[in-house]
Structures are given as structure tokens and as C-alpha cells.
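Welcome to this short tour! Open your viewer, get ready to select things, and follow along one stop at a time.

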Amino acid sequence: MAGESFAKTGIDGVVLRNTGTYGSPTLVEITLVRDVNFGLPWDFGDASSRATPIKLYEAVQGDLAISVVVRADDVDAGFQALFDAAMQKGAKLDLLVLDGPVTEEGAAGVRAHFKPSLTGQAQAIGDVQYCTFDLKAGYHTDGVPKIVDVGAESALTYTSF
Amino acid sequence: MPQARIIEVCDAVVAAVLAEWAALRGSPVAAPDECVREYVVPVGPEEIGLLTGRKVWVAPGGYGGENASRGEDQDQHTVAVIVAERYPDGSKPPREWTDERVVFVERLTDLLGNYKPTRDPGPLLVGNPPRRHWTERSQVGVYDWAYLDEHHCFWSELEFEFRGVR
């Protein structure tokens, strides 16, 4: 990846919500995000043959495993969009999940129409309320999940998996 | 000149104490009683004998913070409060007189020690535009034995930690 070498911190990652159209997105950061956990584990099929005694594998399907922890808020548009989409069975959000800001060349992540799943809302008496959402990539007529790379001058490049 | 946030918290505490005290008295707080923000305690041990009225001094303790989310910080502000009152004629105060001051301190603690964002009594509103703060911790020294015994002065030291997200 291009860009300079430095230690990336979690707080610099961004979760962006598209409030425009898929082809001409307006990306707005959900600023109340606290923690994000990002993973892409692949399912493997056995591709072994007699050519070698070593088992061979081929990736067949990837399962985007993304969870976000967000401070609960009655008026923040980003949190409310996640919460409302989590409450409605068919609702999805066009989100970009990046490991750095869109101004940082070299930041990368994914874009998809995600179905938020509310897996927990801690309401302990001594704590500030946070919600944990699991984001599952869903089907949408606009497009399938894409890899996102941030280039020079915040140019976003989308690549198929 | 804009105030430091810890000073804004102290000023909000002073306003809250004055309102609660006025409600208890049935009239606004007037000299020689007072509640003010101070950096140093105005009365040293050698001047205790000159103290008149009930004093409530509010001072900044310390502050810190942590990330509440990627776009917000959670501030933590510690405020020190001293309630001081010398028995009027300087003699040893009767127990009932001291009891009344202990009740006063408890009333202040019930207010300052229980701010919540939405539940009663509501938040401590700090600054302009107002920011909601809640009480995270309170600690009360009921009275100081030495001040009461040697100077016949009721002296109570309290500490509160307030938190807010900005």
C-alpha cells in the first residue's frame, strides 16, 4: 500500500454511512463509533490430489465479520440509522468500514450493504450506554461487497473480492 | 476570555449550592453566609476565630478524560467543597448545633452527589451552550475533629467527581 509508515490506532478508523446514492455517494462518518472489530475468515474446500501428500485448500467463500460498538444517543443521525436498521428485518445500510480516514492514502476496508444486528446494549447502572452491532453483508440490487482502497487526494478505488 | 472547563464546572456547582441553600433558608443566601469559588481557603487556622457566618468554598480539584467514542471525549472533573462555620460566640458548640450542620452537608451531598443525565434531579448543566454532566463519585468528610475541638468550628470537606461527554 502507498502512504507513509506509522502505527495505526483504532481511533483513526472510520465507519462511513452513505446518505446519497450508490453511484454518487455522500459519505458521513458515524462519529459515535467507539470500537470496531474487523475480520474476513474464508471457508476452505479440500483441493487435495495425489500430486502431493500435503493437503491443499482453496478458498470458496468469505464471511465478513464486522462488529461496531457505538454510544447510544437519542439524536445522533448515525447511531439512529444503525439502531433503526437493526430493528427492521429487511433494512440495510450502505456503509464503508475503513482502518483509517478517507484523507489517509493507504487506508483500506470494505463497502457493502450491511444488515446491522443488535447483539447487545449494555445498560449497567454505572456505565454510559453503548450498543454493539454485528454487520452482515447483504444482497442489494445496487451492488455486491467491494474492497475499498484510499488513494491520493482521498480517491476511493473499489475492487471485487 | 473563555473559562477552563474545570472552572465552568465549579461555577455550576456554586450556582447549584446557592439555589439549594436558598430553598432551605426560604430566602437568598446573604452575608455573612456565602458560597464562592476559591483557589485557596481564605481562612487559615490562625484566622478561624474571625470567621463569621456559614461558608461554602468550591475549588477545582483535578481533571482527566478518556475517549468516549471516535468523535467524543469523556471529561472527568473533580471538585472540592469545604463547608465551614464557627460557633457564634466561639465557645464549644452544642451537639444539636453541629447536628444541624451535618444535615446541611448531607443536603448538599444529596444534590451534588446524585446528578444524572435524565433521571431526577437531572444533570449538572455546565457552560454555554450547556453540557450535561453526571456525578460519578462523591466523598464526604462529615466533620474535622481538630477544627471542632480546638477552634469550635464546624469544618467539612467534600469531593465530587463529575463526568460529561463532549
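A residue is called buried when its relative accessible area is under 20%. Keep that cut-off in mind, and remember that the model you are looking at is predicted.

**Stop one: a residue in chain B.** Select B:T109, which sits in helix α2, the stretch covering residues 95–112 of chain B. Is B:T109 buried or exposed? Its relative accessible area is 14%, so B:T109 counts as buried. Now show what surrounds this residue: leaving aside neighbours within four places in sequence, B:T109 is in contact with B:N114, B:S138, B:V140, B:L158 and B:F160.

**Stop two: chain A as a whole.** Switch to chain A and colour by secondary structure. Reading from the N terminus, the order is β-β-β-β-β-β-α-β-β-β-β-β. Show the C-alpha trace next: along its principal axes it spans about 60 × 35 × 35 Å. Of the 161 residues in chain A, 33% are buried. Among chain A contacts with a separation of 6 or more, 58% join residues 24 or more positions apart.

**Stop three: the surface of chain A.** Which residues form a nonpolar patch here? Select A:W42, A:F44, A:Y57 and A:F161, which together have about 480 Å² of accessible area. One of them, A:Y57, belongs to strand β5, residues 57–62.

**Last stop: charges.** Colour chain A by charge to pick out 12 positive and 21 negative charges, whose mean positions are 9 Å apart.

Definitions and conventions:
Residues are numbered from 1 along each chain as its sequence is written. Chains are lettered from A and ligands numbered from 1 in the order in which they are written. This is a predicted model: local features need pLDDT of at least 70, side-chain atom pairs count only at pLDDT 80 or more; totals for chains, interfaces and linings use all residues. Side-chain values use heavy atoms; hydrogens and water are left out. Patches are made of residues with over 30% relative accessible area and no salt bridge: like charges are joined within 9 Å, nonpolar side chains (Val, Leu, Ile, Met, Phe, Trp, Tyr) within 5 Å. Accessible areas come from the Shrake-Rupley method with a 1.4 Å probe; for residues, only the protein chains shown count as cover. A salt bridge is a side-chain nitrogen of Lys or Arg within 4 Å of a carboxyl oxygen of Asp or Glu. Helices (H or I, at least four residues) and strands (E, at least two) are DSSP runs, numbered from the N terminus. Buried means under 20% relative accessible area, exposed over 50%, partly exposed in between (1.4 Å probe, protein chains only). Contact means heavy atoms within 4.5 Å. Lys and Arg count as positive and Asp and Glu as negative; His and the chain ends are not counted. The place of a charge is taken as NZ of Lys, CZ of Arg, CG of Asp or CD of Glu.
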